[in-house]
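Here is a friendly briefing to read alongside the model. Keep the structure open as you go, and look up each residue when it comes up.

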Amino acid sequence: MGPILFNIYMSDIEAIVRPFRIISYADDSYVVVSANSLDDLIQSTQITLNEHFSWLQEIGMTCNHLKTELIIFNEDDIEINVGGSSVRSGKTMKVLGVLIDNDLNWSPYVEKILSKSRSLLFAFRYLRRHLEIKDMKFIVNAHLISRLSYACAAWSHSLSYRHKIRIRSAYFSTLRIIVRDFDRKMSRRQLLETFELEEIDTIFFKRTSVFIFKVITQLNPTNLAGKFLSKSYMNARNPERLKLFDTSKRRIGKLCLTNAAKRFVDCWDFDWLLLTLQMFKNKLHLCPNISN
């Protein structure tokens, strides 16, 4: 009952931060503030957070100012006053294990997951002495792929070409070390066939596709579902293949998930709107366009 009662107790917080958004997970809360100018943004953020902190005190909760973080996208070194303490904006913020940077180019997070993958190499070398490839496949899935693809629906579609190359290289380099292909005689296709694995780009595509499908068909979260559906239209020949369109004319806008979703949905070359989640995954596995 603890988590449920806590959520009920904190449910009025949404009214405090309106018209802005609050995103919560357990006892972590993230307030998202937007404005037309930097001065308005700073003022709105300061007022909203002070009201947030005051409300917490009224209901008997405390918020640690020292653990309060601020990030302003496309701006550096901004300072606001919250509860009598100054809070300076940073270039990154860690949200549920994902490192978000103020430029949204995901460089710090890519460096983080690449560093984690390198830290696994010694353990993989040791385990390979005692395990067969078929056993190593499960370990690769559990420890390498899970790290490289964690929350990929949020960031993989907006990576630069350089970042994609580096993640692919880390993926295949690890597989080569496990099979002891130090002379790089095996092709990447042979490596994947040996482990019965997929390209890391294909893994990103499938996981992001499943996320988009769940949001559209289950309407959760409703905010994101509404953005997807506002850009949707019915395919006249195939009503069960809902189509999406890209509303951004700027290059950076196309990196937004609601615009990038068009590329994913266009690759779902099958009737998908009325499928169950498991049926969708099965169809997606057989889809010929995912490698593109």
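Buried residues make up 39% of the 292 residues in the chain. Please bear in mind that this is a predicted model. The chain has 13 helices and 8 strands, and its C-alpha atoms fill a box of roughly 65 × 55 × 45 Å along the principal axes.

**Overall picture**

- The accessible surface of the chain comes to about 17600 Å², and carbon and sulfur atoms account for 53% of that surface.
- Among contacts with a separation of 6 or more, 53% are between residues 24 or more positions apart.

**Nonpolar cores**

- The largest nonpolar core has 33 residues. Val140, Trp155, Ile167, Tyr171, Leu175, Phe195 and Leu197 are the ones with the most contacts inside this core.
- Several elements each supply at least two residues of this core: strand S6 (98-101), helix H4 (107-119), helix H6 (133-148), helix H7 (152-155), H8, helix H9 (188-195) and H10.
- Not counting residues up to four places away in sequence, Trp155 touches Trp106, Tyr109, Ile113, Leu148, Ser149, Tyr150, Ile167 and Phe204.
- Another core, of 23 residues, lies apart from the largest one. Its members include Val210, Phe213, Phe280 and Cys287.

**Aromatic pairs**

- The structure holds 10 aromatic pairs. In one of them, the ring centres of Phe213 and Phe280 are 4.1 Å apart and the planes are at 5°, so this pair is stacked; the cut-off for stacking is under 30 degrees.
- Phe213 sits in helix H10 (residues 200-218) and Phe280 in helix H13 (residues 277-286), so their pairing ties together parts that are 67 residues apart in sequence.
- Are Phe213 and Phe280 buried or exposed? Both are buried.
- Trp268 and Trp272 make an edge-to-face pair, with 5.0 Å from centre to centre and 85° between the planes. Both of these tryptophans, Trp268 and Trp272, are buried as well.
- Phe213, Trp268, Phe270, Trp272 and Phe280 form one aromatic cluster, which brings together the residues of the two pairs described above.

**Salt bridges**

- How many salt bridges does a search of the whole structure find? The search finds 11.
- One of them joins Asp201 and Arg168, with the closest N and O atoms 2.8 Å apart. This pair links distant parts of the chain, as Asp201 is in helix H10 and Arg168 is in helix H8 (residues 161-179), 33 residues apart. Asp201 is partly exposed, with a relative accessible area of 27%.
- Asp181 and Arg176 meet through their side chains in a salt bridge of 2.6 Å, N to O. Asp181 counts as buried at 8% relative accessibility, and Arg176 counts as buried at 9%. Both values fall below the cut-off, since buried means under 20% relative accessible area.
- Arg241 and Asp271 also form a salt bridge, at 2.9 Å from N to O. Arg241 lies in the loop between strand S7 (232-233) and strand S8 (243-244), and Asp271 in the loop between helix H12 (257-267) and H13, so the pair ties together parts that are 30 residues apart in sequence.
- Asp271 is partly exposed, with a relative accessible area of 32%. Salt bridges with shared partners join Arg241, Asp269 and Asp271 into one network.

- Leu5 has its place in helix H1 (residues 2-10) and is partly exposed, with a relative accessible area of 48%.
- Which residues form a nonpolar patch on the surface with Leu5? They are Met1, Ile4 and Ile8, and together with Leu5 they have about 460 Å² of accessible area.
- Thr48 is found in helix H3 (residues 38-58). With 5% relative accessibility, Thr48 counts as buried.
- Leaving aside neighbours within four places in sequence, Thr48 is in contact with Val17, Phe20 and Val31.

Note on methods
Residues numbered from 1 in each chain as written. Predicted model: local features only at pLDDT ≥ 70, side-chain atom pairs only at ≥ 80, totals over all residues. Heavy atoms only, no water. Phe/Tyr/Trp six-rings, centres within 6.5 Å; stacked < 30°, edge-to-face > 60°. Helix = DSSP H or I, 4+ residues; strand = E, 2+ residues; numbered from the N terminus. Buried < 20%, exposed > 50% of the residue type's maximum accessible area, 1.4 Å probe, protein only. Salt bridge = Lys/Arg side-chain N within 4 Å of Asp/Glu carboxyl O. Contact = heavy atoms within 4.5 Å. Patch = residues over 30% accessible without salt bridge, like charges linked within 9 Å, V, L, I, M, F, W, Y side chains within 5 Å. Areas by Shrake-Rupley, 256 points an atom, 1.4 Å probe, with all protein chains shown as cover. Core = buried A, V, L, I, M, F, W, Y, C linked by side-chain atoms within 4.5 Å.
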